[in-house]
Amino acid sequence: MAEAGGITTESVAGDRARAARTMLDQVVLPGEELLLPEQEDAEGPGGAGERPLRLNAGTRSRGRVVCGPGLRRSGDRLLVTKCGRLRHKEPGGGSSGGGVYWVDSQQKRYVPVKGDHVIGIVTAKSGDIFKVDVGGSEPASLSYLAFEGATKRNRPNVQVGDLIYGQFVVANKDMEPEMVCIDSCGRASGMGVIGQDGLLFKVTLGLIRKLLAPDCEILQEVGKLYPLEIVFGMNGRIWVKAKTIQQTLILANILEACEHMTADQRKQIFSRLAE
């Protein structure tokens, strides 16, 4: 029925589309539609919510919009696919508009995303390809040539069971994820096989994003306790190494517990350990 009680289906659909900038840091639910700032400006006052989001706005768009985890593009619409808080990161270079939108959710299973740096475990070697467990629904593939300085004669020393820190170059629902251990210039940039010592443990994906935030004070406080080496994977894995096994275990327990502690509780624990 096109109309019921004076409310048309078009107006109902329009009411569901809300301005993205008014929903930042608020909880969004699967099925909701979002409207970008450039569309609000183009439609004038009160235009927010009258039309679904259109990413192909042509010359009206002031910047490129990237849809991150929890958001899906369906034609000219941007739909929320996960329950969580809507986040936004401004684009680099000082340009206005655009940027990255994603949903910060507390999911346990990692879904590979192109560009993510992750920690994987080599599970098998098939010809020239390594199979790497990254915590997703299927293992990722890693070529022996995807290492700095690797050639057909100079193969990297990678064994089954090794920990790999790499980056996804292919990650979508229709293809097997593929990772590399070099950047666009062919440099390792810290990627590759992680040392045998140290401790690997798993945390929630939300805690990883919290620890990697530019304004996170947890890492600064942890760094003051003991000298350490630490690697974060966007797939919820952390590798940490301190001078002694006891210090390594203490750091791991602190990082795991930080997700549920307040700032005052963290300060009390850090001051107690510093003594």
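**View 1. The whole protein, as an introduction to the close-ups.** This predicted model contains six helices and 19 strands, and buried residues make up 38% of the 275 residues in the protein.

**View 2. Asp25 in the loop between strands E3 and E4.**

**View 3. Ser189 and Gly186 in the loop between strands E15 and E16.** Ser189 is found in the loop between strand E15 (175-180) and strand E16 (192-193), and Gly186 lies in the loop between E15 and E16 as well. Ser189 is not a glycine, yet it has a positive phi of about 50°. Is Ser189 buried or exposed? With a relative accessible area of 53%, Ser189 is exposed, because exposed means over 50%, while Gly186, with a relative accessible area of 31%, is partly exposed. The C-alpha atom of Gly186 is separated by 8.6 Å from that of Ala146, a residue 40 residues apart from it along the chain.

**View 4. The largest nonpolar core, with Met179 among its members.** This core has 27 residues, of which Leu142, Phe147, Ile164 and Met179 touch the most other members. Two or more residues are given to the core by each of strand E11 (117-126), strand E12 (129-133), strand E13 (140-143), strand E14 (163-172) and E15, and the largest share, four residues, comes from E14. At least three residues of the core are drawn from each of domain 2 (116-193) and domain 3 (199-274). Leaving aside residues up to four places away in sequence, Met179 touches a set of residues including Val118, Val132, Leu142, Ala146, Ile164 and Phe168. A second, separate core has 21 residues, and Tyr226, Ile238, Val240 and Phe270 are included in it.

**View 5. An open sheet of three strands in the order E17-E19-E18.** The strands of this sheet are paired in the antiparallel sense. Which strands stand at the edges? Strand E17 (199-202) and strand E18 (228-233) do, and each has a single partner strand, so one side of each is left without a neighbour in the sheet. Neighbouring strands of the sheet are turned against each other by 20° on average, with direction ignored.

**View 6. The pairing of E17 with E19, and the helix that lies across the sheet strands.** E17 pairs with strand E19 (residues 237-242) in the antiparallel sense over four bridges, and Lys202 stands opposite Arg237 in E19. Helix H5 (residues 245-257) lies across E17, E18 and E19, and this helix runs at about 145° to E19.

Methods. Residues are numbered from 1 along each chain as its sequence is written. This is a predicted model: local features need pLDDT of at least 70, side-chain atom pairs count only at pLDDT 80 or more; totals for chains, interfaces and linings use all residues. Side-chain values use heavy atoms; hydrogens and water are left out. Buried means under 20% relative accessible area, exposed over 50%, partly exposed in between (1.4 Å probe, protein chains only). Two strands pair if DSSP finds at least two bridges between them. Axes are lines fitted to C-alpha atoms, for helices over the stretch in contact, and angles run from 0 to 180 degrees between N-to-C directions. Contact means heavy atoms within 4.5 Å. A nonpolar core is a set of buried Ala, Val, Leu, Ile, Met, Phe, Trp, Tyr and Cys residues joined through side-chain atoms within 4.5 Å. Domain bounds come from an automatic or database domain assignment.
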